[in-house]
Amino acid sequence: MKRFTLPGTEIEAPNVVLGLMRIPDKTDEEVRTLVKTATDAGIDFLDLADVYGHEVHGCERRFGEAMRLTAAERERLVIQTKAGIVRDGPYFDFSYEHLIASVDGSLEALGTDYIDILLLHRPDALVEPEEVARAFDELAAAGKVRAFGVSNHTPRQIELLKKHVTQPLVANQLQLSITHSPLIAQGTAANMQGLDQSVSRDDGLLDYCRLNDITVQAWSPFQAGFFDGPFLDSPKYPELNASIGRLAEKYGVPPIAIAVAWITRHPANMQVVIGTTTPERVAASAQGSDVPLTRAEWYELFRGAGYTVP
């Protein structure tokens, strides 16, 4: 498992993250097995959110109750959670009061006294960055949160926050897979009239994150699109899956590892957030961390997904 120091922090992180959004109905033993499989594979970075689960803090509570971490066990994990979505309305809330209350709820549910990284969960159109800064300052001073970041934010939204927030924004969690990669695709076809791929949908977001030491965390790495299901073994992507199969055989790994490797091969040093609750798929995904795809192989997969390489 490849590891790196997360810029802006002292956190030594793996480039594959275990997302725990789908654990609310798992038993204690199933949760413990899932986490142990991940940590045995080198994945000691866990991703949650206050909104995940059947009720607020549901998945966080399921994790906390199942794991009941000792102080030593807690120190060996990086726990990241998110705040800002209000499921039953008003939908998004980055107010000082909401962020403070959400973190306190997360700490109680998780059974810990600190969160390693707190992300603002999707943009709040009514954000007042002064309130976010006030909340972040209080949470940091109290030792409740060690680092901060965002999810699904544009460069300008991040710049607006940075006008008042003094802590580094160390991560931006964004949807990215071989077949859903406008973050990358637009830059390979800029200014090519008539090619849909050339239309800017991200305002240079990936390059902005690289320039500002913000680690991109890729969510839904196996999904064809937002509502399209997985691309692995999908008849919609015969060329892509043929290439994945050939490369999986070449490197002696499962096909799912190649999907991970396509993201980890990128020089932006991104993390891949996997959301499976099947231990075998966790172990298989982890193998992608170390697969050294060549440039030609990386572009072969890119073209197989339907993107143009001019």
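Helices (H or I, at least four residues) and strands (E, at least two) are DSSP runs, numbered from the N terminus. By this count the chain has 12 helices and 12 strands. The model is predicted: local features need pLDDT of at least 70, side-chain atom pairs count only at pLDDT 80 or more, and totals for chains, interfaces and linings use all residues. Residues are numbered from 1 along each chain as its sequence is written, and side-chain values use heavy atoms, with hydrogens and water left out.

The overall dimensions come first. The C-alpha atoms fill a box of roughly 50 × 45 × 35 Å along the principal axes. The radius of gyration, taken over C-alpha atoms, is compared with a globule rule of 2.2 Å times the number of residues to the power 0.38. For 310 residues a compact globule would have a value near 19 Å, and the chain agrees, with 19 Å. Buried means under 20% relative accessible area, exposed over 50%, and partly exposed in between (1.4 Å probe, protein chains only). Of the 310 residues, 55% count as buried. Contact means heavy atoms within 4.5 Å. Among contacts with a separation of 6 or more, 73% join residues 24 or more positions apart.

Thr81 is found in strand β5. Thr81 is buried, with a relative accessible area of 0%. Beyond four places in sequence, Thr81 touches residues including Leu48, Asp50, Glu60, Ser106 and Ile117. Ala49 is also one of the residues touched. The side chain of Thr81 reaches the backbone nitrogen of Ala49 at 3.4 Å. This is a polar contact, a pair of N or O atoms within 3.5 Å; within protein, one must be able to donate a hydrogen and the other to accept it, and residues adjacent in sequence count only if both atoms are side-chain atoms.

Arg76 is found in the loop between α3 (71-75) and β5 (78-83). Arg76 is exposed, with a relative accessible area of 55%.

Asp93 lies in the loop between β7 (91-92) and α4 (96-110). A polar contact of 2.7 Å joins the side chains of Asp93 and Ser95.

Helix α11 spans residues 279-286, and its buried residues are Val282, Ala284, Ser285 and Ala286. These buried residues pack against β3 (16-19), α1 (28-40), α10 (255-264) and β12 (271-274).
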